[in-house]
Amino acid sequence: MISRGIYDTRGELFGYLVGNVVYDLEETQTGYLREGVIYANNGEKQWIVRGDGLYTPDGEAVGYLGAAFGETL
């Protein structure tokens with residue numbers, strides 16, 4: 001599966017997306033992507049995805065999804 005890095009607004013990697021599953025840098029699942037929204041594991045709306053940008057539900061910029069960077073098994 002293709003992975004995409006999740007970066008903050010300063011360009012610092014803080015997580016990644018594999019398929020529709022979100023992980024932190026310790027490889028712990030923290031959420032999932034569904035229909036342009038990233039939800040936390042508890043089902044709470046965390047971020048909105050617009051293009052490659054990540055925004056809070058209030059529209060504040062959080063960061064972005066980077067280009068595909070590899071395949072995982």
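## Strands and Asp8

A strand, labelled E, is a DSSP run of at least two residues, and strands are numbered from the N terminus. With that in hand, let's look around this predicted model. Strand E1 covers residues 2-8, and Asp8 belongs to this strand.

Is Asp8 buried or exposed? Its relative accessible area is 13%, and buried means under 20%, so Asp8 counts as buried. The Asp8 side chain also comes to 2.9 Å from the backbone nitrogen of Arg10. Setting aside residues up to four places away in sequence, Asp8 touches Phe14, Val62, Gly63 and Tyr64.

## The nonpolar core

Which residues make up the largest nonpolar core? There are nine: Ile6, Leu17, Val22, Ile38, Trp47, Val49, Leu54, Val62 and Leu65. In soluble globular proteins, nonpolar side chains tend to be buried together.

## A glycine in a loop

Where does Gly59 sit? Look in the loop between strand E7 (53-55) and strand E8 (61-71). Gly59 has a relative accessible area of 35%, which lies between the cut-offs of 20% and 50%, so Gly59 is partly exposed.

Now find Gly43, which is 16 residues from Gly59 along the chain. The C-alpha atoms of Gly59 and Gly43 are 19 Å apart.

How values were computed: Residues numbered from 1 in each chain as written. Predicted model: local features only at pLDDT ≥ 70, side-chain atom pairs only at ≥ 80, totals over all residues. Heavy atoms only, no water. Helix = DSSP H or I, 4+ residues; strand = E, 2+ residues; numbered from the N terminus. Buried < 20%, exposed > 50% of the residue type's maximum accessible area, 1.4 Å probe, protein only. Core = buried A, V, L, I, M, F, W, Y, C linked by side-chain atoms within 4.5 Å. Polar contact = N/O pair within 3.5 Å; in protein donor to acceptor, adjacent residues only side chain to side chain. Contact = heavy atoms within 4.5 Å.
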